[in-house]
Structure formats: C-alpha cells, structure tokens
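Subject: Handing over the structure

Hello,

Here is the structure I promised to pass on to you. Please open it next to this message, and then read on for what I found in it.

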Amino acid sequence: MLPKEIQNFIEEFSRLPSIGPRQATRLAFRIIGSGLGKVSALADALEGLKRIRICSQCFFVHSSSAASAKEGSPSANLCSICSNPERDHTTFMIVEKETDVLSLERMGKYHGVYMILGELTKGGVLEEYQKSRMSVLKKIIEKLPEKKAREVILGINPNVHGDLTASLLKRELSEHAQRISRIGRGIPIGGEIEFADEDTLGHALEGRN
Ligand SMILES: [Zn+2]
C-alpha cells in the first residue's frame, strides 16, 4: 500500500538502534510533510557521513575531506585530537564511546589523547576488535621515546562490567605505563561518563587514583 520509496526508508531506518518500524513510518511522514527542501538537507547530511573516517590511533571520527588536504603526511588518518601537537601524547585515556570523548572535551581539563575501546558488554572479557585496539595502543606506546606512557587513565564507567574490565586493562598495561589510574570519584556507581556534568567530570579527573 505504501510507495516503494517509503517502504525502503522504513526498512533502512528501522534497522537503526532504538528506532522501530512504527517510529520509522512516523518519521517518514514527518519528513515528507516538512517539504522537499528538508528532504534534500537530510539527504545531504546523510551523504556527508560517507566522508567520515575512523582515526587510526584513537578510533575517534574525523572527516576525510580534512584528511585529504594533508594526504601523504603521516597525520592523514588522524583525528583532530591525535594530530594536535599541543596535546600531551604520552597520556592516554581509555574510554568506551565517542560520546565520552565529547563530554570530556567539553569539560576542557584533559589535555592528553584518547583510545576508544568500544562499549563493554561483558565484564572482564574483551571482544576481538577491542583486543586489536589494545594492541594498537600498545604499539603507539612502544614508539614513545621512553617506550612507556606517562599515564594511562581508565575512563571506564563505574559498573560491574566496567570494574572487571578496568582490572583486566590494568594488568594488560602494567608494563606499558608509569602510572595507571581510573577516573570515577564523583561519578555514581552505575552512572555514565557521557551524562556526567562538567563539574562532576572535573572532580572525577582530578580525583583519579
Ligand atoms: Zn585520534
């Protein structure tokens, strides 16, 4: 009964997390109702996501249109944080999600670099892709003049999965860092870095241990 174009839209959008077929259907009609200009703007925004690349060091996002400007240079596949010489490249914070980086950057008190590990679904066990991200981190650390990070901060959410994984990461990185700390004070158990306000995050960073 629905035109094929709308069916396609519903099929694609209902595959996205937290959007079901009913919501996708409602969304389709909302967008159609808001006119052709809005449809083009949305299509451009989606198209733009094709130019997004993943940083080869920390796995945060960056735009390939910015990267191609410096193509051939070693910083071609680095995000704006990893390619920033003003950052402290001997201090690493391991976080679960891109949105954690956004919250921490908004706070503005952290000047090291990051490593996005991916969401922890099991306590104390890393997925294969997470293991390979950890080896990328170790390789970066081994290339440092001292072959050790000055500090690795575990920005892992305080819950059962997070606590078990934090102990695992501490063991894994013990040879690779002069200091391994964990932020947490001030973030309630079961709370999340992503949703903590700037003051809470600031205290959590200062009170790391
Ligand atoms: Zn990066």
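Below is a short tour, from the overall layout to single residues.

Please keep in mind that this is a predicted model.

**Overall layout**

The chain has 209 residues, and 38% of them count as buried. Its C-alpha atoms fill a box of roughly 65 × 45 × 35 Å along the principal axes. You will find eight helices and six strands, and their order along the sequence is α-α-α-β-β-α-β-α-β-α-β-α-β-α. Among contacts with a separation of 6 or more, 55% are between residues 24 or more positions apart.

**The zinc site**

Four cysteines coordinate it through their SG atoms, namely Cys55, Cys58, Cys79 and Cys82, at 2.2 to 2.3 Å. The angles among the four donor atoms run from 103 to 117°, and the site is tetrahedral. For comparison, the ideal angle for four tetrahedral donors is 109.5 degrees. Along the sequence, the donor residues follow the spacing C-x2-C-x20-C-x2-C.

What does the pair of cysteine 58 and cysteine 79 tie together? Cysteine 58 sits in the loop between β1 and β2, while cysteine 79 sits in the loop between α4 (64-69) and β3, so the pair links parts that are 21 residues apart in sequence. Both are buried: cysteine 58 has a relative accessible area of 2%, and cysteine 79 has one of 1%.

The loop between β1 (52-54) and β2 (61-63) also holds phenylalanine 59. Its phi is near 70°, a positive value in a residue other than glycine. Phenylalanine 59 counts as buried, at 14% relative accessibility.

In soluble globular proteins, nonpolar side chains tend to be buried together.

Isoleucine 94 is worth a look here. Setting aside residues up to four places away in sequence, isoleucine 94 touches Met115, Leu117, Met134, Leu137, Val152, Ile153, Leu154, Gly155, Ile156, Leu169 and Leu173.

Then turn to helix α5, which covers residues 98-107 and has Asp100, Val101, Ser103, Leu104 and Met107 as buried residues. Viewed down the axis of α5, these buried residues fall within an arc of 165°, so they line one face of the helix. They pack against β3 (88-95), β4 (112-116) and α8 (198-206). After α5 comes glycine 108, with a positive phi near 75°.

How many aromatic pairs does a search of the whole structure find? The search gives two. One involves phenylalanine 9 and phenylalanine 13: their ring centres are 4.1 Å apart and their planes are at 15°, so the pair is stacked. The two residues are four apart in helix α1, which separates them by about one helical turn. Phenylalanine 9 counts as partly exposed, at 21% relative accessibility.

In the loop between α1 (4-13) and α2 (21-33) you will come to serine 18. The phi of serine 18 is near 60°, a positive value in a residue other than glycine. Serine 18 is exposed, with a relative accessible area of 72%.

**Two more residues to look up**

Histidine 176 lies in the loop between α7 and β6 (180-182). At 13% relative accessibility, histidine 176 counts as buried. Leaving out neighbours within four places in sequence, histidine 176 is in contact with Lys138, Ile141, Glu142, Lys148 and Ala149.

Arginine 182 belongs to strand β6, and is buried, with a relative accessible area of 17%. Not counting residues up to four places away in sequence, arginine 182 touches Leu154, Ile156, Asn157, Pro158, Gly162, Asp163, Ala166, Arg208 and Asn209. From arginine 182 to threonine 25 is 44 Å in space, C-alpha to C-alpha, and 157 residues in sequence.

Enjoy exploring!

Best wishes

Definitions and conventions
Residues numbered from 1 in each chain as written. Predicted model: local features only at pLDDT ≥ 70, side-chain atom pairs only at ≥ 80, totals over all residues. Heavy atoms only, no water. Buried < 20%, exposed > 50% of the residue type's maximum accessible area, 1.4 Å probe, protein only. Arc of directions from axis to C-beta. Contact = heavy atoms within 4.5 Å. Donors = N, O, S within 2.8 Å, 3.2 Å for Na, K, Ca; no water. Tetrahedral: all angles 85-135°; square planar, octahedral: opposite > 155°, others 65-115°. Phe/Tyr/Trp six-rings, centres within 6.5 Å; stacked < 30°, edge-to-face > 60°.
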